[in-house]
Amino acid sequence: MARCRALVEPALRERVSGLHNWPAEMAAYAFGWCEVGGAPRAGAAGKGLRQALAVLCAEAAGAPGDLALDGAVAVELVHTFSLVHDDIMDGDETRRQRPAVWKAYGTGPAVLAGDALFALAYEVLAGAPGPHGAAAVRRLSRDMADLVEGQAEDLLLESRPWTGPGAVEVGAYLRMAEQKTGALLGCASALGALLAGAPAPVVDALSAAGRHLGVAFQAADDVLGLWGDPAVTGKPAHGDLRRRKKTLPVLTALAAPHPAAARLATRLTALGPGGGEPGDAVLRELAGLVAEAGGREAALAEARRRLDLAAEALSSVPLAPAPAAELLALLPFAIGRVS
C-alpha cells in the first residue's frame, strides 16, 4: 500500500490543486493534507486501499502499475466525494478523529467540495492515455450508479421496523452493502485491469473480488460502529445504535434463534423510529444483547466468508504471480481492525 500510495499521491495532489482555491482547500482537508485555512498537516491521511487495488490489479493483468494511475486517482477522488456527502447524510460530525468537512466548513460548502471531487474524477479518467479510457468511464459510471442505489437503500432502511413484515432481512442488507461499499472497491479493481488492457473475464473476476472485499469491509465497519474504541475510530461509542441504524450485527442478532434476540427486539421497538437519543446505559445494554445473540460473531464470520470468496475470484483467472500474491496479502486488511 505504501508503494502504491507513493505512485498515486503526487498525481492526486496535483489534480486537487487544480480546483478552485476554496474547494481545493476543503478537498485537501478531506484527504487529511491540511487544516482548516490550508495550513499543511502531516500524516493521518487514509490508507489508500482503493488506489492500491487499482495499481495492483493492473500489475496482476501483466502491465506496469502506472498504467492505472489515472484510474487510481479517479477512484480516490470519488471515494472522498462519497465520504464527504455520506457524513452530511448520516449527520456524522467526525471523520478520522477530527471534524467532518461539513462541520469544519458548513454543509453547503461541503456539498460543493464533494461535487468538485466527483466532476474531477471523470475529467481525470476521460483523459487517461491509451485506448481504454472510454470503457473505464463507462465502468465508473455504472459502479457509481450502484453506489448511489446502495446509499439510497441504506437511508431507507433507517425508517423500516426492526421486526414484523416490513423488517429488513439480512440478505437485503448484504445486497445493499455490496452496492454501497463493494461497488467502489470492485470499480477500483476493474479500472486497474481495464486500463491495463485485460480481457473481460479478468476484469470481471477482479471486480467480483473487490466487491466481496467491500462487503467484508462493511461488516467489519459495522462491528466497529457498535464496539469500536472511540480513541481509535474517532466516533462515539455505539454510534450506529445511537442513530438506530440497521447494521449487520443487529440484523443477524434479531434473526438468531436465541432468547436474547427477543429481548433485543423488544428493547429496539420500544425506542421507536425517532424521539430522544438513547442514554449510554441503554446503548450498552443493547450492544450486550446483540453480542449475546451472536450478532458480533455472525458479522465477523460473514466478513471472513467474503474474504474467502474474494480469494476464490482472484484464483479463477490467470494473473501475474507476484501482484496476485500482493492482492491476496491485502485482503485481510479489510477486517484486521476487528478480527
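User: Histidine 238, buried or exposed?
Analyst: This is a predicted model. In it, histidine 238 has 15% relative accessibility and counts as buried, because the cut-off for buried is under 20%.

User: Where is the place of histidine 238?
Analyst: Histidine 238 is in the loop between α10 (230–233) and α11.

User: What does histidine 238 touch, not counting residues up to four places away in sequence?
Analyst: Histidine 238 touches Gly225, Leu226, Leu283, Arg284 and Ala287.

User: OK, alanine 177 now. Which helix?
Analyst: Alanine 177 sits in α8, which covers residues 170–195.

User: Buried or exposed?
Analyst: Alanine 177 is buried, with a relative accessible area of 1%.

User: What is alanine 177 in contact with, leaving aside neighbours within four places in sequence?
Analyst: Alanine 177 has contacts with Gly182, Val215 and Gln218.

User: And how many Å apart in space are alanine 177 and alanine 320?
Analyst: From C-alpha to C-alpha, 30 Å separate alanine 177 and alanine 320. In sequence, the two are 143 residues apart.

User: Back to α8. At what angle do the axes of α4 and α8 cross?
Analyst: The axes of α8 and α4 (residues 69–90) cross at roughly 165° and come within 9 Å. The two helices are therefore roughly antiparallel to each other, since angles over 145 degrees count as such.

User: Is the crossing of α4 and α8 left-handed or right-handed?
Analyst: The crossing of α4 and α8 is right-handed.

User: Which residues make the contact?
Analyst: On the α4 side, the contact is made by Gly71, Val75, Val78, His79 and Asp86. From α8 come Lys180, Leu184, Ala188, Leu191 and Leu195.

User: Switching to α13. How many residues, and what does the helix reach from first C-alpha to last?
Analyst: Helix α13 has 13 residues, 259–271, and reaches 19 Å between its first and last C-alpha. That is close to the 18 Å expected at 1.5 Å a residue.

User: Which residues of α13 are buried?
Analyst: Ala260, Ala261, Leu264, Ala265 and Leu268 are buried in α13. They lie on the same side of the helix, because they cover an arc of only 140° around the axis.

How values were computed:
Residues are numbered from 1 along each chain as its sequence is written. This is a predicted model: local features need pLDDT of at least 70, side-chain atom pairs count only at pLDDT 80 or more; totals for chains, interfaces and linings use all residues. Side-chain values use heavy atoms; hydrogens and water are left out. Helices (H or I, at least four residues) and strands (E, at least two) are DSSP runs, numbered from the N terminus. The expected span of a helix is 1.5 Å times one less than its number of residues. Buried means under 20% relative accessible area, exposed over 50%, partly exposed in between (1.4 Å probe, protein chains only). The arc is that of the directions from the helix axis to the C-beta atoms. Contact means heavy atoms within 4.5 Å. Axes are lines fitted to C-alpha atoms, for helices over the stretch in contact, and angles run from 0 to 180 degrees between N-to-C directions. Angles under 35 degrees count as roughly parallel, over 145 as roughly antiparallel, 65 to 115 as roughly perpendicular and the rest as oblique. A crossing is left-handed if the near helix is turned anticlockwise from the far one by less than a right angle, and right-handed if clockwise.
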